[in-house]
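Dear colleague,

Please find the structure below.

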Amino acid sequence: MDFVVAQILTGLSLSSILLLVALGLAIIYGVTGVINLAHGEFVMLGAYCAWLLQSQFGWSLLASLAVIFLLIAALGWLIELAVIRHLYDRPLDTILATWGLGVMTQQIVRLTAGGELRYVQMPPSLSGSVNILGATDSAYRLFVLAVALGLFLLTWCIYRYTSFGLKLRAITQNRAIASSFGINSARAYRLTFAYGAGIAGLAGALISPLKSVSPEMGTTYVVDAFMVVVLGGVQSLVGTLASSAVLGEASGLLAYYSNDTIAKALVLIAIVIIIRFRPQGLFAPRVRA
Amino acid sequence: MSGKISRQILLYGIVCLAILAVPLLVDNAFLLNKYARYLIFGMLAIALSLSWGYAGILNLGQAMTFGLGSYCMAMFLKLKTVPIHTGSDGLPDFMVWNNVTELPWIWVPFQSMPFALLAGMLVPALFAALLGWFMFGGRVAGVYAAIITLAAMVVVNLIIIDQQSYTGGFNGITDLAQFDILGLAFDAYSASTYYLVAVCLTVTLFVALVVSRSKTGLILQAVRDQEERVRFFGYDVALYKTFIFALSAAIAGLAGMLYTIVMEFASPTFLGVPLSLSIVIWVAVGGRQSLLGAMLGAMLVTGVQGALSETEAFLETWTLVMGGLFVLIVLFMPKGLAGAVEALLRRIPGGERKGDARPAARQGSKSQPHLGGAL
């Protein structure tokens with residue numbers, strides 16, 4: 001029993017990280033149709049901000065979260081303004097441009113902060129462990145899980161119950177018609193991109209005490225996040241939640257049982273097959289085009 | 001039109017002759033080896049230009065086919081290595097270290113040179129054909145196709161690294177014999193290898209040119225611009241796309257084989273994401289819709305990179321500059337340098353192609369005619 005609970009908790013922890021990282025990507029992709037390959041770099045920048053604020057200014061991680069969100073969101077806003085908005089008609093080129101931006105960001109970080117690994121301290125109030133049904137889990141991991149779920153709920157409520165969310169949904173269904181009804185879709189896209197970027201930065205900051213921080217860390221996350229989004233379905237936030245739970249638990253199990261490399265290859269093959277046969281994702285509802 | 005075609009052939013021919021003439025001016029084996037590498041990158045760029053520029057298939061995994069070709073050649077050369085480098089019973093050294101007792105079946109046919117040379121092009125082409133049939137048969141296109149090619153490459157790369165006893169794993173296949181055919185030996189650091197690469201490049205360029213000018217090439221360009229309409233005309237779109245995808249893979253496989261000869265090893269990094277990204281950048285810089293432009297773009301970018309790589313600090317900054325340049329080109333010059341040169345040339349003679357100044361229906365590279373250009 002303890003073992004099962006522990007295994008589930010491990011999976012949940014992986015799921016919460018996946019959800020945090022994928023949420024921003026899912027919002028951006030779902031609303032604007034842009035596959036943001038620089039998403040991992042937003043995560044990485046968030047982690048570096050946490051490191052910088054902690055090591056240079058002595059801020060605790062929890063205190064810096066809001067600042068990090070705003071910083072990375074502002075960066076996302078700028079990037080949308082400078083680059084992305086010119087490319088909405090050319091989806092393939094957005095992949096390339098965001099890829100290029102990612103390379104640049106990595107290189108800037110490497111040149112300014114150095115290529116070596118950095119570490120971020122856990123907030124002292126959360127460094128203990130908690131006993132759940134006989135299994136122990138670190139309090140910080142549970143905190144990350146709670147934040148991930150909280151952010152998800154917040155995003156879902158914005159999407160569902162605010163007038164901004166209503167506009168977003170209208171744009172998602174048909175940008176031209178939404179615009180003709182007076183919705184400022186350019187502004188909505190920009191805000192969406194900034195919000196998604198901000199969440200990615202937050203994800204990076206929250207992950208930073210659990211993993212080491214390096215300029216390359218974003219690359220793995222963008223692949224994972226993309227898998228979550230593809231599996232969950234492009235226009236379904238609930239799908240993102242479900243698929244990060246599934247993928248988190250599955251990779252927890254796979255890592256326990258087998259060879260990491262082969263497990264990763266198998267997951268990728270599964271993704272390829274899903275794209276081929278259900279490009280709208282496993283959990284997507286039927287949406288009228 | 002025919003005048004333009006012959007002018008294009010002339011231009012392509014002059015460039016190829018210039019490339020072939022390089023060893024007459026350069027007498028430095030090290031430099032020739034370096035230049036041969038740039039030529040191989042040019043071949044890769046031609047391969048991607050065929051599938052991306054002409055058929056609209058953005059292959060983010062072009063390095064997969066390159067690496068497969070490279071491994072085919074490396075397996076052949078490894079088996080030719082003088083026994084002193086290999087283990088007992090002529091087994092490659094890394095197999096002995098991994099406790100493999102007899103030659104794995106997948107290696108056996110690589111003892112024959114004709115097989116290995118064919119496999120270097122056919123294995124990648126077959127891989128691509130299967131993948132193409134899988135994707136295009138299901139009408140997967142655009143962004144999704146790009147992601148699938150990327151994922152496929154990562155899978156192959158992971159498998160090669162994982163199957164250490166058959167592939168040399170992370171270290172790749174090293175300590176190779178020299179390639180020789182019909183009594184001609186190709187030392188990696190010699191003019192003969194440079195000529196081998198240059199001749200292959202010339203042949204590739206002209207084959208690609210012929211294909212792009214053929215009816216098939218025209219249909220593929222139509223598919224790129226309006227896939228649905230071509231399908232309604234009754235063409236088997238998936239078949240055409242699979243064909244060009246496989247042809248591009250075969251070219252990349254050939255480039256991979258040559259790369260093994262020039263570098264004297266094969267490594268999993270040849271199938272890596274960074275190389276794939278580089279290929280896309282070269283082609284974007286040179287001009288995706290121009291075979292010659294893409295090829296020269298690859299040589300230009302890698303050439304500058306090679307010149308800067310003498311100093312570590314420069315190389316670091318170069319990556320940054322390259323990323324920025326790439327973003328700018330994607331944004332403002334979707335046709336790359338070739339497009340810019342073409343626009344410039346068009347302005348000089350004055351009025352020759354005024355008919356083309358039609359308003360672009362959409363902002364983007366899609367609807368503009370480009371068939372007449374010399375590049």
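A crossing is left-handed if the near helix is turned anticlockwise from the far one by less than a right angle, and right-handed if clockwise. By this convention, α2(A) passes α8(A) in a right-handed crossing.

This is a predicted model, in which local features need pLDDT of at least 70, side-chain atom pairs count only at pLDDT 80 or more, and totals for chains, interfaces and linings use all residues. Residues are numbered from 1 along each chain as its sequence is written, chains are lettered from A and ligands numbered from 1 in the order in which they are written, and side-chain values use heavy atoms, with hydrogens and water left out.

The axes of α2 (residues 39–57) and α8 (residues 185–207) of chain A come within 6 Å and cross at roughly 50°. Contact (heavy atoms within 4.5 Å) involves, among others, A:Phe42 and A:Gly46 in α2(A) and A:Phe193 and A:Gly204 in α8(A).

Chain A contributes 38 residues to its contact with chain B, and chain B contributes 37. The area buried between them (accessible area, 1.4 Å probe, lost on being put together, summed over both) is about 3,500 Å², of which carbon and sulfur atoms give 79%. In chain A, A:Leu96, A:Trp99 and A:Arg276 lose the most area to chain B, together 19% of what that side buries.

One salt bridge is counted between the chains (a side-chain nitrogen of Lys or Arg within 4 Å of a carboxyl oxygen of Asp or Glu). A:Asp93 forms it with B:Arg288, the closest N and O atoms being 3.4 Å apart.

Yours sincerely

Notes:
Axes are lines fitted to C-alpha atoms, for helices over the stretch in contact, and angles run from 0 to 180 degrees between N-to-C directions. Helices (H or I, at least four residues) and strands (E, at least two) are DSSP runs, numbered from the N terminus. Buried area is the accessible area (1.4 Å probe) that two parts lose on being put together, summed over both.
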